[in-house]
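Thanks for coming. Please look at the picture while I talk.

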Amino acid sequence: MMYSPKIAILGAGSWGTALAVHLGRAGRDCVLWGRDPLLLEQIGMLRENPKYLPGISIPENVQLTSSLKEAVSKRDIILIVVPSHGFRSIVTELNNLMCKTDKENAAFVSCTKGVENGTLYFMTEVIEDVLGIEVSKKVAVLSGPSFAKEVAQGLPTAVTVASKDSTLAAQLQDVFSYGTFRVYTTDDVRGVEVGGAVKNVLAIAVGISDGMGLGLNARAALITRGLREIVRLGMNLGASPLTFAGLSGLGDLVLTCTGDLSRNRQVGLRLGKGEDINSILSSMNMVAEGVKTSRALYDLGVRTQTDMPISMAVYQVLYEGIKPDEAVTSLIERPLRPEWE
Ligand SMILES: NC(=O)C1=CN([C@@H]2O[C@H](COP(=O)(O)OP(=O)(O)OC[C@H]3O[C@@H](n4cnc5c(N)ncnc54)[C@H](O)[C@@H]3O)[C@@H](O)[C@H]2O)C=CC1
Ligand SMILES: O=C(CO)COP(=O)(O)O
């Protein structure tokens, strides 16, 4: 019998809306939840999200609600697509409002890319911490190179679903794969989360370099040495190095560092041109995860004794008032070393 799950998508920003559009087109039973009732009402009237994904029509079969309780009642799959700083509060609300049976029956899928400040938890760890679910059983991650706008436009996209539960990973692969959207599976949950979180910080670094006009050689160097940082951290956290050559590693790193649709790259470009981080952030209506993640990554680097000079330089620019050109100089003047060690 065909697997026909009921899906809830929590977060009506650009990515949540794009996923709803995609799943709606695939004929899936899905409901999109957003915290802003007025926006949800507007989306319902226009059948598009004017704030986060204008110009893209949302299929009629996508249900809409601003009631979290209603969204997650009797759902088989719950996609969490809110920024990492709001992730814990949503999961805590779920924990409080879902009945035991609904909690036990649902699979929880993080579509968020970041690390929680303070705890330094990845999103599946936040889920486990709050819901007390063994990660191996009911948790998955969806990640990879996937600009919301392009997914919503139906352009070819390949992503990765990671879960320790191979049956769940295969079910999600089947649920999401439709049209030009291809899904691969892996059991390396932590590796996929590391790649998705760190690439946002590195995209800020590449944006800074490009914004300063440092050229294509510098861009390639930052991406390649940045990948080295992802691999080092990932391996210190028990991930498989192979994961970082995949879609959620190199794939998303290249996309975010070079694609102008990236909000993180845009933050970097503007920093590189001399703008102040506070004025950049106050002008944006969307999240650039790398800004908050760079702080958590700094702490994670210290805790795991991982050498991550590019990520650290981004942290210094964002939080310690170091000027972009000083950060570049300090990277270039580092002691010379073998490429692999
Ligand atoms: N936009 C993209 O192309 C992609 C984004 N992602 C990831 O998806 C996550 C969400 O990003 P976007 O949808 O792009 O962000 P966005 O900035 O477009 O929208 C964020 C949404 O979350 C809501 N929100 C913010 N704080 C919240 C909270 N505390 N509780 C509940 N809702 C809250 C906002 O109202 C908004 O609806 C991020 O981790 C991002 O890295 C992943 C792949 C692609
Ligand atoms: O994660 C993304 C694409 O895979 C989106 O990147 P930004 O958050 O930088 O826009």
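This is a predicted model. Ligand 1 lies between domain 1 (6-187) and domain 2 (196-332), because both domains give residues to the shell around it.

Which residues come nearest to ligand 1? There are 27 residues around the ligand, and the nearest are G13, W15, G86, A148 and M286.

Now the helices in that shell. α1 (14-25) and α4 each supply at least two residues of the shell around ligand 1. The largest share, four residues, comes from α4. Sorted by class, the shell has 12 nonpolar, 11 polar and four charged residues.

Next, the domains themselves. The domain assignment of the chain gives domain 1 as 6-187 and domain 2 as 196-332. Their centres, taken over C-alpha atoms, are 25 Å apart. How many residues are in contact between the two domains? On the domain 1 side there are 23, and they are in contact with 24 residues of domain 2.

Let us stay with the side of domain 1 that touches domain 2. α4 (84-97), β7 (157-162) and β8 (181-186) each supply at least two of its residues. Here the largest share is three residues, and it comes from β7. By class, this side of domain 1 divides into nine nonpolar, 10 polar and four charged residues.

Note on methods:
Residues numbered from 1 in each chain as written. Chains lettered and ligands numbered in written order. Predicted model: local features only at pLDDT ≥ 70, side-chain atom pairs only at ≥ 80, totals over all residues. Domains from an automatic or database assignment. Contact = placed C-beta atoms within 7 Å. Nonpolar A, V, L, I, M, F, W, Y, C, P; charged D, E, K, R; others polar. Near = placed C-beta within 6 Å.
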